[in-house]
Amino acid sequence: IEARYPLAGDWINLNTPPSSVVLANQHSGSLRYYGKRQTLRWDFIAPEQLVTTVRELQANLVIKVKEPQRSEFPLLRKDLVLFTYLHLAASKPLTEALLASRITGIAYETIQVGNTLPLLKPMSEVAGKMSVQVGAWCLEREHGGKGILLGGVPGVSPADVLVLGGGVAGANAARVALGMGATVTVADRSLESLRRLSALMPGLRTVFSTRAALQALAPRTDL
């Protein structure tokens with residue numbers, strides 16, 4: 001089940017040509033929220049346009065969030081345009097399936113506006129913030145960790161967190177780790193990035209990323 005919306009309902013209403021037919025996965029958005037409280041619903045789609053399985057989506061253009069899964073590979077075809085996150089570097093089977101099908105695939109993460117990647121940035125923000133959340137969970141004793149609390153307690157030092165890279169994901173990871181009370185160091189090869197992060201996050205430690213620096217930091221790093 002794809003439980004995320006690739007497009008907002010209002011955008012679909014305003015930008016879909018009258019001659020086009022929109023088909024929607026009935027489960028999309030059922031687990032996500034618009035703003036803080038309003039649950040997304042398919043109020044802008046007629047009941048007959050809702051489909052419950054991906055095999056019913058006999059469309060010319062498919063817009064989704066998750067990259068195609070193995071079960072979806074047989075549905076890829078030459079006359080289909082797929083607009084989604086693809087992350088091809090992480091999956092040779094997906095790359096081979098796309099090439100074999102001769103589909104037209106447009107990856108969100110490659111869309112460039114000026115010198116920015118506007119569709120990759122929000123996912124990097126999510127990844128950075130979740131990395132600390134998941135890391136803290138993994139440090140708990142019952143999950144096989146060392147039993148370390150990121151923020152420590154009176155009389156016990158906080159955890160040492162090392163963030164590799166001060167880009168969008170790294171900056172968000174550092175912000176969350178600092179907010180949880182950890183001792184945070186960001187290693188990056190861009191002095192400009194390190195200056196920017198230092199100005200934005202008081203208490204953050206920064207280091208120019210070299211092999212020697214990482215070899216010195218890694219042994220005493222908890223996360």
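A residue counts as buried at under 20% relative accessible area and as exposed at over 50%, with partly exposed in between, using a 1.4 Å probe and protein chains only. This is a predicted model, in which local features need pLDDT of at least 70 and side-chain atom pairs count only at pLDDT 80 or more, while totals for chains, interfaces and linings use all residues. Residues are numbered from 1 along each chain as its sequence is written, and side-chain values use heavy atoms, with hydrogens and water left out. Helices (H or I, at least four residues) and strands (E, at least two) are DSSP runs numbered from the N terminus.

**Aromatic cluster**

- Two aromatic pairs are found in a search of the whole structure, where rings of Phe, Tyr and Trp (its six-membered ring) pair if their centres lie within 6.5 Å, and planes under 30 degrees apart count as stacked, over 60 as edge-to-face and the rest as tilted.
- F83 and Y108 make an edge-to-face pair, with 4.6 Å from centre to centre and 70 degrees between the planes.
- Because F83 belongs to strand 6 (residues 81-84) and Y108 to the loop between strand 7 (104-107) and helix 3 (121-139), this pair ties together parts that are 25 residues apart in sequence.
- F83 is partly exposed, at a relative accessible area of 23%, whereas Y108 counts as buried at 6% relative accessibility.
- The ring centres of Y85 and Y108 are 4.7 Å apart and their planes stand at 80 degrees, so this pair is also edge-to-face.
- Y85 sits in the loop between strand 6 and helix 2 (92-101) and Y108 in the loop between strand 7 and helix 3, so that the pair links distant parts of the chain, 23 residues apart.
- Both Y85 and Y108 are buried, and F83, Y85 and Y108 form one aromatic cluster.

- S193, L194 and L197 are the buried residues named in helix 5 (residues 191-200); they cover an arc of only 100 degrees around the axis, which puts them on the same side of the helix, the arc being that of the directions from the helix axis to the C-beta atoms.
- On the other side of helix 5, E192, R195 and A199 are exposed.
- The cover over the buried residues of helix 5 includes helix 4 (168-179), strand 9 (183-188) and strand 10 (205-208).

**N172 in helix 4**

- N172 is found in helix 4 and is buried, with a relative accessible area of 8%.
- Leaving aside neighbours within four places in sequence, N172 is in contact (heavy atoms within 4.5 Å) with E125, G128 and K129.
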